[in-house]
Amino acid sequence: MKMGDPLLLRIARPVVDLADPKLRKLIADMHDTMAAANGVGLAAPQIGVELRVMVFGFDDNPRYPNEPPVPKTTLINPQVDILTDETEEGWEGCLSIPGLRGSVPRSTHIRYHGIGEDGRELVREARSFHARVVQHELDHLNGVLYPQRIADMTKFGFIDALFPDSDLAALETDR
């Protein structure tokens, strides 16, 4: 789904039945979609499913070549606790907004929890880019897209204009 689709602006519903076989298929589809698009995270509404499910993580990623690995994770019905008042600006892109990047302020230290793919509760703390990715995906579950968080709109635009010497634009062709 691309920015402009009303589904991306709605609050996703909690997953009620963790044993539903459709949930396993959804999670597999999300991981495949994220990998095929060189994404670092994906929320179920981005593929047209209005459920509180997100996947994220990578070892290395061509869209964010300077960022450290983030553990590959599935979170069902996630919640985030902000652990600091400190925020940091950072460039974000989105598979639902191809070809654009914006500088978004995010909390630098969070704790997230939810149900993992194995059905067990998962609790982790995250900092820096890891924390940014989780907050970005949680926003999708709450009907918020990253441009709504940009404080300085002069730091929002097309990748090839913002970073003319970068190969990033070629990785985000219009899907």
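I began with serine 128, which counts as partly exposed because its relative accessibility is 43%; buried means under 20% relative accessible area, exposed over 50%, and partly exposed in between, with a 1.4 Å probe and protein chains only. Its phi is near 55°, a positive value in a residue other than glycine, and serine 128 lies in helix α2. Helices (H or I, at least four residues) and strands (E, at least two) are DSSP runs, numbered from the N terminus.

For the record, this is a predicted model, in which local features need pLDDT of at least 70, side-chain atom pairs count only at pLDDT 80 or more, and totals for chains, interfaces and linings use all residues. Residues are numbered from 1 along each chain as its sequence is written, and side-chain values use heavy atoms, with hydrogens and water left out.

I then looked up asparagine 38, whose phi is likewise positive, near 55°, in a residue other than glycine. Asparagine 38 sits in the loop between α1 and β1 and counts as partly exposed, since its relative accessibility is 27%.

Next I traced the sheet. Five strands form an open sheet in the order β1-β2-β3-β6-β7, with antiparallel pairing; two strands pair if DSSP finds at least two bridges between them. Its edge strands, each pairing on one side only, are β1 (41-43) and β7 (121-127). From one strand to the next the twist averages 40°, where axes are lines fitted to C-alpha atoms, for helices over the stretch in contact, and angles run from 0 to 180 degrees between N-to-C directions. Between β6 (residues 109-115) and β7 I noted 7 bridges in the antiparallel sense, and histidine 113 stands opposite valine 123 in β7.

Helix α1 (residues 21-36) lies across β1, β2 (53-58) and β3 (70-82), at about 40° to β2, whereas α2 lies across β1, β2, β3, β6 and β7, running at about 155° to β2.

On a 1 Å grid over the protein atoms alone, a cavity is a set of points where a 1.4 Å probe fits but cannot get out, and lining residues have an atom within 4 Å of a point. The largest cavity is lined by 15 residues, and Val40, Tyr64, Gly93, His136 and Glu137 lie nearest its centre. Elements giving two or more residues to this lining are β4 (87-92) and α2 (128-141), and α2 gives the most, with 5 residues.

Note on methods: On a 1 Å grid over the protein atoms alone, a cavity is a set of points where a 1.4 Å probe fits but cannot get out, and a pocket is an open set with protein on both sides within 12 Å along at least five of seven lines; lining residues have an atom within 4 Å of a point. Contact means heavy atoms within 4.5 Å.
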